[in-house]
Amino acid sequence: MLIIKNKCWAIGIAVISFLSTAHAETLKQLNDTTIDQDLSQLIIKHKLTGTPEGVEKLPSINSPKAQLGMKLFYSKTLSGDNTTACATCHHPMLGGGDNLSLSIGVDSQNPEVLGVHRRLKNNQMARVPRNAPTTFNIGLWKKALFHDMRIEKIDGKGIHTPDMPYPQVDALAGENLVQAQARFPVTSKDEMRGEFLKGTYNQTMRRALAERLKKNWLKAFRTGFSDPTTSADDLITEQNISEAIAEYERSQVFINTPWKRYIEGDRQALSLAAKKGAKLFYTSQSKGGAGCVRCHSGDFFTDEKAHNTAMPQIGNGKDNGITGSNDYGCYLVTQKETDKFRFRTPSLLNVEVTGPWGHDGAYTSLEGITRHMLSPIKSARNYDPKQLKQSVATKDVRKNTLEAIKAGVDITPKPKVSQTDVKNLVAFLQALTDPCVKDRACLSKWIPDANDNDPDKQMLHALNNKSGDTL
Ligand code: HEC
Ligand code: HEC
């Protein structure tokens with residue numbers, strides 16, 4: 001009897017515990033369903049498809065022109081002192097950037113070393129005033145390039161560049177924003193020009209670089225432009241150089257994210273935390289969300305407008321403000337008082353791998369920048385420069401940031417921010433990563449092979465540290 005009773009007990013407990021596990025399971029599913037339903041409404045409301053507009057028009061990396069562009073992008077011949085390539089600051093293995101808060105171009109200790117171990121000669125503090133944005137998905141921008149939008153499409157007219165007074169269009173800008181941009185790094189003293197042809201016009205400088213290439217690059221250009229007969233003088237021009245580089249950059253399309261799969265119907269593509277983060281991201285503050293979508297809108301996560309987000313201003317800046325080390329952002333282009341401290345809203349695709357974050361790389365963690373976007377002024381006031389991983393001027397951070405705050409910040413802080421909110425938003429941001437950008441084998445199409453034909457033996461063979469590991 002006693003035994004039977006015990007057995008009953010045991011069965012009873014087993015049944016109860018089975019029921020309660022089942023109950024918890026259903027509750028969890030219910031929860032998941034509710035958040036999936038909320039999200040599907042938000043996805044409809046914000047007209048998201050997962051695929052940014054214009055992707056289908058972008059070129060393949062396998063086209064001959066993109067292949068030539070890749071060689072040029074990795075060639076140190078395009079810098080004044082033959083040490084620096086575009087890839088020095090925009091390497092696919094470093095998220096299409098350089099992993100530095102502020103870039104280091106010419107005058108480096110070891111030109112092949114990229115990333116946090118890159119140093120200027122004599123360990124000087126970084127001189128480039130801004131963070132190198134990613135070249136990933138660069139062909140998806142419709143309106144403007146650069147943090148201050150100084151390359152801008154002027155509707156119906158053409159493209160404005162810094163070679164012209166604002167807002168005049170530049171007849172030499174080329175086919176698209178990316179080509180227009182590619183003509184400028186070589187003219188920047190701290191990025192690629194150095195002391196080469198000091199004091200000359202930008203165009204003189206570009207022509208001089210084209211002249212250099214004529215010696216060894218004719219075969220590569222003839223293949224790239226599928227033009228076997230044209231002479232070096234007619235084929236190796238600054239226009240064709242920028243056209244080929246742009247073709248390569250525009251082939252860097254990395255949009256296949258878990259978030260895209262989720263929008264397309266795969267409910268397993270996101271973790272519950274990422275789903276909660278997405279809900280915060282797409283829900284306005286008036287409805288209890290974080291309202292990020294107000295600026296990071298659409299499938300490319302940007303309104304392509306400029307805003308003042310009180311980003312702590314580190315580095316030498318653009319010689320602006322009371323300290324002389326501030327950066328007035330778009331004001332420098334338009335001279336409009338209201339544009340002071342405004343910077344273009346960055347895309348958030350692959351944001352996980354494009355750090356440090358902000359126009360000057362002030363934040364070195366995704367959590368830090370996320371907290372900042374939730375309550376910019378508080379975060380800016382508490383900014384800790386100790387997080388920086390390189391030698392950067394920081395003595396004026398407080399004064400500079402205060403000046404930006406006084407100019408009027410465009411984000412109202414979210415009233416209550418919990419640690420879970422931050423964690424969930426970060427999980428969502430991580431769901432915007434295309435797995436290819438974390439995979440050397442997948443990225444190898446965009447990185448020249450060490451034994452590829454190298455016209456003048458000037459190809460950058462990037463190392464990620466002094467021990468000699470190749471990137
Ligand atoms: C020394 C580092 C460095 C080198 C070398 C360099 N860049 Fe950059 N690049 C930057 C920085 C910093 C910015 C942002 C400047 C700004 O917005 O004021 C930038 C901006 C860009 C942008 C605009 C991105 C956007 O989202 O608006 C593109 C595209 C780009 N660079 C391509 C190139 C190409 C092509 C080359 C070679 C011809 C090159 N870069 C060489 C550091 C570098
Ligand atoms: C008022 C417009 C606006 C809102 C709202 C906004 N952002 Fe931003 N965001 C920006 C601008 C502008 C920048 C660049 C600022 C700079 O560099 O000075 C930026 C930068 C970022 C960056 C750094 C990206 C990079 O490549 O450096 C992240 C991450 C980010 N925002 C996430 C968020 C999140 C998460 C939210 C919601 C909590 C949010 N943002 C709300 C405009 C906005």
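Is F225 buried or exposed? In this predicted model, in which local features need pLDDT of at least 70, side-chain atom pairs count only at pLDDT 80 or more and totals for chains, interfaces and linings use all residues, side-chain values use heavy atoms, with hydrogens and water left out. Residues are numbered from 1 along each chain as its sequence is written, while chains are lettered from A and ligands numbered from 1 in the order in which they are written.

F225 has a relative accessible area of 16% and is therefore buried (under 20% relative accessible area; exposed is over 50% and partly exposed in between, with a 1.4 Å probe and protein chains only). F221, at 0% relative accessibility, is buried.

A search of the whole structure finds 19 aromatic pairs (rings of Phe, Tyr and Trp, the last by its six-membered ring, with centres within 6.5 Å; planes under 30 degrees apart count as stacked, over 60 as edge-to-face and the rest as tilted). Among them is the stacked pair of F221 and F225, with 6.2 Å from centre to centre and 15° between the planes. The rings of F281 and F428 have centres 5.1 Å apart and planes at 55°, so this pair is tilted. Because F281 lies in helix α11 (residues 272-282) and F428 in helix α16 (residues 419-430), the pair ties together parts that are 147 residues apart in sequence; helices (H or I, at least four residues) and strands (E, at least two) are DSSP runs, numbered from the N terminus. F281 is buried, with a relative accessible area of 2%, and F428 is buried, with 0%.

The iron atom of ligand 2 has a single donor from the protein, NE2 of H296, 2.1 Å away (donors are N, O and S atoms within 2.8 Å of the metal, or 3.2 Å for Na, K and Ca; water is not among the atoms, so sites may look incomplete). H296 is placed in the loop between α11 and β4 (306-307).

Around ligand 1 there are 28 residues, of which C86, C89, H90, F146 and R344 come nearest (a residue is near if one of its heavy atoms lies within 4 Å). At least two residues of the shell come from each of α3 (86-89), α4 (177-182), α5 (189-193) and α9 (238-250).
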